[in-house]
Structure formats: C-alpha cells, structure tokens
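These notes are meant for a colleague who is opening this entry for the first time. Please read them with the sequence and the structure side by side.

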Amino acid sequence: MFDWIQHFADWLIYTVFSIGAGTRLGTALNFFVYDTLKILILLFVIVFLMGIVNAYLPVEKLRDYLQRKKLYGLEYFFASTFGAVTPFCSCSSVPLFIGFVQGGIPLGVTFSFLITSPLVNEVAVAMFIGMFGLKATAIYVASGILLGTVGGWLLGKFNLEPLLSDWVKKIMEHKMQQGRFEEEQQTFRQRLPGITRGAWDIVKGVVLYVIIGIAIGAAMHGYVPENFLGKYLGGGQWWAVPLAVLVGVPMYANAAGVLPVIQVFVAKGVPLGTAIAFMMATVGLSIPEATLLKKVMTMKLIAVYFGVVTLFIIISGYVFNWVL
C-alpha cells in the first residue's frame with residue numbers, strides 16, 4: 001500500500017542526495033522521509049474518516065444509555081473492548097475520544113477507550129501470534145483490555161472533569177443544541193467541507209510534533225547499535241522495565257510497525273515482558289498524541305493521564321516477565 005512512499009524515499013535519499021544505502025545517515029534519513037509521509041497521510045485520512053463518524057455517530061444516545069443504566073463498572077470494560085477492536089494508533093484514536101467527550105460520555109469511560117485502542121488491534125494480534133505464540137498473545141490482549149478497564153476506572157475516580165480544556169467546557173455547558181439541529185438537516189455533501197477543514201486543522205496542529213517524534217525514532221533507527229537495548233534491557237535487572245517504558249514513551253509508532261523491532265529485542269536477549277512494555281509505551285503514549293489531547297485537556301490532565309498509564313504499563317511489564 002505504501003510501497004510508492006518507500007520508493008520515493010529510496011530515490012530521494014539514495015539517488016538525489018547520493019547518500020549511501022548502507023550508511024547510518026542514509027538509513028536514518030530514509031526512515032524519516034518514509035515514516036513522515038506515511039504517518040501524515042494516514043493521520044489526515046483517519047482524522048477525516050473519524051470526522052465522518054463523529055458527524056453521524058449517535059454519541060448522545062450512547063451517553064444517555066450510560067447515564068441511565070447501572071452497569072457496575074462494566075461500562076469501562078465495554079469501552080476498553082471497543083478500543084481493542086478499533087484498528088487505530090494513539091493519534092488516530094484521539095478524534096473519536098474528542099467526539100465522546102463532546103457528547104458528554106463519562107471521562108473515565110472515554111479514557112478506557114483511549115488507553116486500549118492503540119495497544120490492541122487485529123493486525124497486531126495476528127503478527128503477535130506468528131512471532132510469540134498463542135499463550136503470549138492471549139496474555140497481551142487480556143492485559144491490554146485490563147489496562148484500559150482499570151486505568152479508565154481509576155482516572156474516572158479522580159474527578160478530572162475540571163481539568164478539561166475551556167473549549168470542551170463551553171461545549172458541554174451549552175450542549176451545542178442549535179448546532180446539532182443544523183447538522184442533522186445537512187446532507188453529507190454539505191458537511192464534507194467542514195469535515196475536511198477539521199481534519200486539516202488537526203494535522204496542521206500536530207505536524208511539527210509528528211516530525212520531531214519521527215526524527216527521534218529515525219536517529220535511534222540509524223545510529224543506535226542493534227545490541228544497545230539488548231545490553232541495557234536484558235539480563236533481568238529490576239530497572240530494565242521502567243527504562244524500556246521511559247525510552248518508548250517519546251517515540252511514535254503503531255503496534256504493527258513496532259512488533260518487528262520487539263522481535264529483534266527478544267532475539268537479542270531482552271525479556272519478552274520488558275519488550276512488550278516498551279511496545280505498549282511506544283504505541284500507547286506519544287508526543288503527537290499529547291499534542292492532539294491539548295485540544296481537550298489541560299497540561300495537568302495530560303500529565304496525570306500519561307503518569308497513570310506509564311505506571312500501569314511498568315506493572316504489566318513485570319507481570320509479563322513473571323508469567324512468560
């Protein structure tokens with residue numbers, strides 16, 4: 001699907017700039033060009049599609065159902081499971097999360113979706129089975145859903161609504177009744193320009209941070225020796241899991257993209273649980289995601305969210321190493 005981008009990156013770096021294909025600089029720049037173009041294109045397409053979903057998704061009905069029914073905590077599990085079956089990365093999950101918040105769905109429930117959505121998807125599960133077997137895959141999927149369920153429940157108990165952005169507060173106060181009425185009367189063709197502008201505005205708002213995140217990944221890809229992480233993350237040291245998570249958080253990739261790297265880590269002697277913790281941090285938390293979340297959260301709320309999820313991922317890494 002993205003072969004043409006890879007061909008363009010090869011042509012630009014190796015032919016136009018005449019940088020050797022086997023050099024560290026060439027490898028890093030090729031990775032940077034390919035991933036930047038691919039992610040920005042994917043980001044626009046997915047945000048655009050989520051704009052369509054948000055335009056037609058009966059979020060109010062879902063909100064009313066959650067408010068009417070006493071689900072005894074199952075709403076967090078349902079939201080987490082929904083996140084697991086949606087094939088989104090951390091950045092592409094945010095637009096739907098914004099729609100949930102706008103619709104008035106409880107904040108903890110929306111966090112359950114946001115946590116699990118990038119961690120677990122069908123592509124990653126299929127690759128995980130092929131690389132690590134059924135047992136490891138089952139533990140990975142169950143832990144991803146459990147992480148979202150418990151994390152959303154815990155964040156919901158903090159009463160964090162006052163830490164939402166002023167933009168969201170105004171929407172929730174006024175309910176946008178007139179705007180919703182007008183939208184209901186619009187055809188898809190009439191809504192399309194607004195959806196397109198919204199998608200483009202989001203992409204413009206995060207492009208710098210996407211580029212910075214990919215540049216960090218490109219530098220690691222081209223200049224960090226293959227045995228570096230194996231040396232510092234292997235051997236079962238107590239600090240290996242927290243270090244893996246802290247290294248993974250600033251990076252940006254989806255589960256399918258990072259799994260081959262995880263396979264290399266394991267082959268180099270990194271314990272599987274430590275490698276999975278690195279993967280969860282990479283796909284579940286990122287600088288571009290934080291930038292997108294600034295639309296709906298204050299920096300304090302983003303820090304609380306990242307801190308809680310980071311802690312849970314570290315705990316998961318220790319559990320993985322103990323079980324597997």
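In which helix is Phe8 found? Phe8 is found in helix α1, and the numbered points below take up that helix along with several other parts of what is a predicted model.

1. Overall make-up. The secondary structure of the protein comes to 16 helices and zero strands, and of its 324 residues 48% count as buried. Among the contacts with a separation of 6 or more, 81% are accounted for by residues 24 or more positions apart. The protein exposes about 15,800 Å², of which carbon and sulfur atoms supply 68%.

2. Confidence. The average pLDDT of the protein is 77, and 73% of the residues score at least 70. Confidence is highest in α1, at a mean of 92, and lowest in helix α9 (residues 177-184), at a mean of 48. Over residues 175-183 the pLDDT stays under 50, and for this stretch the model has five contacts beyond four places in sequence. Where pLDDT is low, the predicted coordinates should not be read in detail.

3. The nonpolar patch. Trp4, Phe8, Trp11, Val16, Phe17, Leu37, Ile41, Val45 and Leu49 make a nonpolar surface patch of about 840 Å². The elements that give two or more residues to this patch are α1 (3-16) and α2 (24-56). Phe8, one of the patch residues, counts as partly exposed because its relative accessibility is 34%, between the limits of 20% and 50%.

4. Helix α6 (residues 107-119) has 13 residues, and the distance from its first C-alpha to its last is 19 Å, close to the 18 Å expected at 1.5 Å a residue. This helix is mostly covered, with 13 of its 13 residues buried. For α14, the 13 residues should span 18 Å at 1.5 Å a residue, and this agrees with its end C-alpha atoms, which are 18 Å apart. In α14, 13 of the 13 residues are buried, so this helix is largely enclosed by the rest of the structure.

5. Ala240 lies in helix α12 (residues 240-248), whereas Thr274 has its place in helix α14 (residues 272-284). Is Ala240 buried or exposed? Ala240 has a relative accessible area of 1% and is therefore buried, and Thr274, also with a value of 1%, is buried as well. Leaving aside neighbours within four places in sequence, Ala240 is in contact with Leu233 and Thr274. Thr274, not counting residues up to four places away in sequence, touches Leu233, Ala240, Val241, Ala244 and Asn321. Ala240 and Ala275, although 35 residues apart in sequence, are 9.6 Å apart in space, C-alpha to C-alpha.

6. Most residues other than glycine have a negative phi. What is the phi of Ser18? The phi of Ser18 is near 55 degrees, a positive value in a residue other than glycine. Ser18 lies in the loop between α1 and α2, and because its relative accessibility is 58% it counts as exposed. Asn159, found in the loop between α7 (122-157) and α8 (166-174), also has a positive phi, near 55 degrees. Asn159 is exposed, as its relative accessible area is 57%.

Terms used
Residues are numbered from 1 along each chain as its sequence is written. This is a predicted model: local features need pLDDT of at least 70, side-chain atom pairs count only at pLDDT 80 or more; totals for chains, interfaces and linings use all residues. Side-chain values use heavy atoms; hydrogens and water are left out. Helices (H or I, at least four residues) and strands (E, at least two) are DSSP runs, numbered from the N terminus. The expected span of a helix is 1.5 Å times one less than its number of residues. Buried means under 20% relative accessible area, exposed over 50%, partly exposed in between (1.4 Å probe, protein chains only). Contact means heavy atoms within 4.5 Å. Patches are made of residues with over 30% relative accessible area and no salt bridge: like charges are joined within 9 Å, nonpolar side chains (Val, Leu, Ile, Met, Phe, Trp, Tyr) within 5 Å. Accessible areas come from the Shrake-Rupley method with a 1.4 Å probe; for residues, only the protein chains shown count as cover. A salt bridge is a side-chain nitrogen of Lys or Arg within 4 Å of a carboxyl oxygen of Asp or Glu. pLDDT is the predictor's confidence in each residue, from 0 to 100.
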